[in-house]
Structure formats: C-alpha cells, structure tokens
Amino acid sequence: MKPVAPGTVIFHRHRGYGVITHVNLLTGWISARFGNEARTLDLNLSTDEVQHADGEAIHFRRSPPDRMPHARLMAMVRELHMAGYEKLYLHSWPKPSGLHWRWHLFAGQRDWMQRPWREGWYGSGADYNNNPVMGWGDAPGASTEELIHALARFDPEGLARGLGRDEDHTAWFASVCDALLPGYTYSFDMAPPPKGAAWSRCRRYRWCRCAPACRRTPAPTSAGRRAGPACGRGVTRCRYVSRISRASRNCGDGVSHRHRR
C-alpha cells in the first residue's frame, strides 16, 4: 500500500488534486489543501472516497497503513542482525496514556537501564501517526533496505557500534519476529492463510493455529495432575484451569489459545 503522509498528492472527485498537510493514522482524518485555497479541508479516508494521484483508491477501513512503527523497526533490526550487527537492540515501552508505545534503538552494551541515547534513534507512535517516518531521513513507506541505508547515512558512527556478537539475543529476537511478522495486526483486506497454517477448530480449545500439528496424546506431568494434549511444539496445556486463568495463553508459536475448564 502506498504511504499516506504529509506531502502525499491525492485526488478528490469534487475538489480535484490536492496535497495532504496533516494526517492521523489512528482515526483516518486528514487535512488537505486543494489548488490555491488558503484553508485546508478536513476529510475522512473511510467515507470521503479519497484516492492517490494515480487513481488508486485509499481503503483505510479495509486495509489501513501501519499505525505503529514497530513492525518496520523489527524487520530492519532482524536484517541488521543477519548482517553482523547483533549488538543492535530495540526497546519499547508504553506511554503513560496507554494509547501509544515509545521505541528506542541503541547499540553497544546490552543494558536496558543505562542505554545510550542518540538523536534520531528514538520516537513514539503518537508522532508516527501524524508523520509515518522514523526520524533519520527516511521517507514514508520506505522498505526495510531503504530504512537501513537511511540510518547508515544519518549516523554511521552509531550504527558501527552495533557490530559484534550477541547470539542469545539474536536468536530470541528472530523467534519473536517469526511469531509476529508480518501479520501482527488484523485487517479486513488480509489474504487467506496458507493451507497448512489455516485456523482449525481444536477439540478442547476455541481456536488453534497449529491444530494440524497437535498431538492428541497426553503429555507427561508431575504426579497427581492430569494434563490435556500437548501441542506439536512441545508445550503442555493443562485441562483443568481456574476461572481466573481463562485468559489467552501461549502455545509456543506466538498464537494464543483460550482454555476451557
């Protein structure tokens, strides 16, 4: 999907061609200036039938753009880990409001409390909603490779600090990326999953993505405790859980299962 950001040229059937001056990816409202008009016009991407300059429709409700930068950052960090920059780390934490998440890239020693702060290496989802860029000279909608090149041009000295080995963190981060990327959010425009990864009905659990690989044999547990079937990835799921623990639990492949008593 093409980026929707300040400076994007759009087309409106009643106003013609215009330029976006402000965007809010969280709500879908934009401000645009058409022709020589001094005032901007507020439009909603879900109802006002706004198009890109080449005529491509913007289906904000069905296939919205990324409202948070973390998936793009995770893909970039994973590629840099594969290139030998294993001492590059991504730290995220929620803002006090709970509506957005902050992010911070740092390199060198893996110390989450005493991590170095470099200009352009941190940001917030609140800022990303209004201008979907990272802040180191990248363009809206830039690919993973383009993000890496932009960061290398912006701060080559800081990126060089990420050279080194950290095999434990690299393996952990790769497993997280495999579980969450690329479909870490839900969209009405998502393609159907592959046949082998289709969502299937589990016998005791509501939905199980790895149901084709689930073994129906009881898993060994401690004495005096009965257990349900073990997932194909080696995670035991207890058959008897309390009412409080009816919340989602993880099956080991990044997909949550809802337990039943």
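**Entry 1: counting the pieces**

I started with the secondary structure and found 5 helices and 12 strands in the chain. I'm working from a predicted model here, not an experiment. Next I looked up how much of the chain is tucked away: of its 261 residues, 38% are buried. I also checked who touches whom along the sequence. Taking contacts with a separation of 6 or more, 45% are between residues 24 or more positions apart.

**Entry 2: the open sheet**

In what order do the 5 strands of the open sheet lie? I read off β4-β3-β2-β1-β5, with antiparallel pairing. β4 and β5 are the edge strands, since each of them pairs on one side only. I then followed β3, residues 29-34, across to β4: the two run antiparallel and are joined by 4 bridges. One spot I noted is S31, which stands opposite D42 in β4.

I looked up its backbone angle, and the phi of E49 is near 55°, which is positive even though the residue isn't glycine. Is E49 buried, partly exposed or exposed? E49 has 47% relative accessibility, so I put it down as partly exposed; the cut-off for exposed is over 50%.

**Entry 3: a hairpin**

Then I moved on to β6 (residues 88-94) and β7 (residues 101-107), which pair in the antiparallel sense over 7 bridges. Together β6 and β7 make a hairpin, with 6 residues between them. In the turn I found G98 with a positive phi of about 80°. I also looked up the bridge partner of W93, and it is R102 in β7.

**Entry 4: aromatic pairs**

How many aromatic pairs does the whole structure hold? My search turned up 6. I wrote down W93 with W117: this pair is edge-to-face, 6.4 Å centre to centre, with 90° between the planes. W93 is in strand β6 and W117 is in the loop between β7 and β8 (122-124), so the pair ties together parts that are 24 residues apart in sequence. W93 has 24% relative accessibility, so it counts as partly exposed.

W103 and W136 form another edge-to-face pair, at 6.1 Å centre to centre and 85° between the planes. Here W103 belongs to strand β7 and W136 to the loop between α2 (125-130) and α3, so this pair ties together parts that are 33 residues apart in sequence. I checked the burial of both: W103 is buried, with a relative accessible area of 2%, and W136 is buried too, at 1% relative accessibility. Back at W93, I saw that ring pairs link W93, W117 and Y122 into a cluster.

**Entry 5: two helices crossing**

Last, I looked at how α1 (residues 70-82) meets α3 (residues 144-154). Their axes come within 9 Å and cross at roughly 75°. That makes α1 and α3 roughly perpendicular to each other, because angles of 65 to 115 degrees get that label. Which residues make the contact? From α1 I listed R72, A75, M76, E79 and L80, and from α3 I listed T144, L147, I148 and L151. Sorted by class, the contact of α1 with α3 has 6 nonpolar, 1 polar and 2 charged residues.

Notes: Residues numbered from 1 in each chain as written. Predicted model: local features only at pLDDT ≥ 70, side-chain atom pairs only at ≥ 80, totals over all residues. Heavy atoms only, no water. Buried < 20%, exposed > 50% of the residue type's maximum accessible area, 1.4 Å probe, protein only. Pairing = 2+ DSSP bridges. Axes fitted to C-alpha atoms, helices over the stretch in contact; angles between N-to-C directions. Parallel < 35°, antiparallel > 145°, perpendicular 65-115°, else oblique. Contact = heavy atoms within 4.5 Å. Nonpolar A, V, L, I, M, F, W, Y, C, P; charged D, E, K, R; others polar. Phe/Tyr/Trp six-rings, centres within 6.5 Å; stacked < 30°, edge-to-face > 60°.
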